[in-house]
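Subject: Structure handover

Hello,

Here is the structure I promised to pass on. My notes on what was found follow below it.

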Amino acid sequence: MVGVPFINPLSLEGREMVRQLGSLEDLTHDNPELIGIVTRSKSQDISDDQDIPRNHLELALKRLEWYVKKRNNPNFNYRKYAFLFQGDIEKFDTISFYLLSQAIGVKFGPNSRESRLMAESQGSLIQNRLEELNTRNREEIVLKALQELLSQGTLKWTFFEDLLSSRRIQLSDLVLDQGEVIMDQDDFRERLGPRLHHRDPDKMYQLLIGEELRELILIQMVMQQTENYMAEVHEKSRLMVEPNPLLLQLADGVTEILTQPTPSYTGTGKVARQSYRGPLNREAFPPCVKTALEGIKSGGRNDAIVLFITPFVSYARLCPDIFKQNVTVRVSDKDPQLQVVHQEVLPLIYEAAERCVPPLFEDQPQEKININAKIGFGMHSTLKLENEGETKWYTPMSCEKIKLHLPYLCRPDDDCKKIGNPLIYYNRKNWILSREQAESGDKKEDEGSSGEEVMENQDNDWIDV
Ligand code: SF4
């Protein structure tokens, strides 16, 4: 049976492990116990020494590297990271978690891409670790970890805003009492038992609050705590004269992991039919986008530019395969310096706004703020990295919504059949155009691909994490 820190390093037990630590310097020395655990791990690939973390610092980086590689390439060699799922690595793993969180907190701060990836990687590790356990152990450890978290205070339903908006849970999945989410069985019995007539509260609890929901909530809470912890570290580090060089060294290691370009692969082991991510291909735009870019001459001007064109152009340029991804993405994940946003995305949106009658910003200059908000940078007149995350990066409207709210834009052509979103039209059309080009001899297919490969990402300065 694994301990709670293996799932939640920020648990009381996890914090105690860190309190008992000696100096940070010791954590850089080769640790035979850690090496032994790693090399003896079931299914571990030990063919390359580079894959074996020799001390806590290396282990900390391996934690993040695992997540980044898994996210970019589902066919990566899982056996190189099998040690991360062995319960006996718990003590080392917990300390490595703190090291990494501190390094990220100190160097990058809250709301950074690094801190978000750290929290996401912790969530993903928990999920994968739970999947390695048998049913009984899995249920026990989830209950134990959740009980400790829930004992720290009440939980408002608004805490699950992200899970709700990503539709990973529905509001109806949650059992609420006066806006508070009930997760604990005793709490359920006490607060709702008297109101359940002719029903066994315990059976109702099992029925309403299933294992899957408990796990989702546990993961979400640990991710939130991880983010809070990095924010606390960041605040404290601002009062320090100089952070520990080891943490800065570790932070450099994080940057190195995130700047390694990695290709995307399909689940079949073949190079994927990739969505084209490069300069926008106007030829592949669907009819509704082409019409909106010509400028809106009648009603619906603001919505067409702010709610429709802004998300479409930004995703088409930066993250055209967003609907294939099961993760939240920010603009800076794809365009860390916001160069593409400033040089390509905003100019195209502004151009369309200018073509409207009357030109959009002429009578409503505040709509520039709304455009910034729709790509995730809050309600500010200037688009700045430090504001990213204050609002969400809106995904493009579906065809159904366009037909309902902006019907004059929808003039379907043959390629509109069987697609539900203009962005999917764009990806598909790009693929068709590229294939036609290849067939006519203008474009060579890369050797070794399945023949479905379309266009490699040539923006090597982008970080695809
Ligand atoms: S069907 Fe969809 S993609 Fe085609 S024109 Fe209408 S809204 Fe645009």
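Valine 106 sits in helix 5. Helices here are DSSP runs of H or I with at least four residues, strands are runs of E with at least two, and both are numbered from the N terminus. This is a predicted model, where local features need pLDDT of at least 70, side-chain atom pairs count only at pLDDT 80 or more, and totals for chains, interfaces and linings use all residues. Residues are numbered from 1 along each chain as its sequence is written.

Is valine 106 buried or exposed? Valine 106 is buried, because 21 other C-beta atoms lie within 10 Å. (Buried takes 20 or more other C-beta atoms within 10 Å of the residue's own, exposed 12 or fewer, partly exposed in between; C-beta atoms are placed from the backbone.) Leaving aside neighbours within four places in sequence, valine 106 is in contact with Val233, His234, Ser237, Pro243, Leu247 and Ala251. Contact means C-beta atoms, placed from the backbone, within 7 Å. Valine 233 is 127 residues away along the chain, yet the two C-alpha atoms are separated by 6.4 Å.

Next, the helix pair. Helix 5 (residues 90-107) packs on helix 11 (residues 211-237) at about 55 degrees, with the axes 8 Å apart. Axes are lines fitted to C-alpha atoms, for helices over the stretch in contact, and angles run from 0 to 180 degrees between N-to-C directions. The angle therefore makes helix 5 oblique to helix 11. (Under 35 degrees is roughly parallel, over 145 roughly antiparallel, 65 to 115 roughly perpendicular, the rest oblique.) Helix 5 contributes Ser101, Gln102, Ile104, Gly105 and Val106 to the contact; helix 11 contributes Thr226, Tyr229, Met230, Val233, His234 and Ser237. By class, the contact of helix 5 with helix 11 has 5 nonpolar, 6 polar and no charged residues. (Ala, Val, Leu, Ile, Met, Phe, Trp, Tyr, Cys and Pro count as nonpolar; Asp, Glu, Lys and Arg as charged; the others, Gly among them, as polar.)

Helix 4 (residues 56-72) and helix 6 (residues 113-131) pack at about 85 degrees, with axes 9 Å apart. They are therefore roughly perpendicular to each other. Their contact divides into 5 nonpolar, 2 polar and 2 charged residues.

Now the ligand. The shell around the ligand has 10 nonpolar residues, no polar ones and 1 charged.

Finally, the whole protein. It has 20 helices and 2 strands. Of its 465 residues, 39% count as buried.

Best wishes

Terms used: Two residues are in contact if their C-beta atoms, placed from the backbone, lie within 7 Å.
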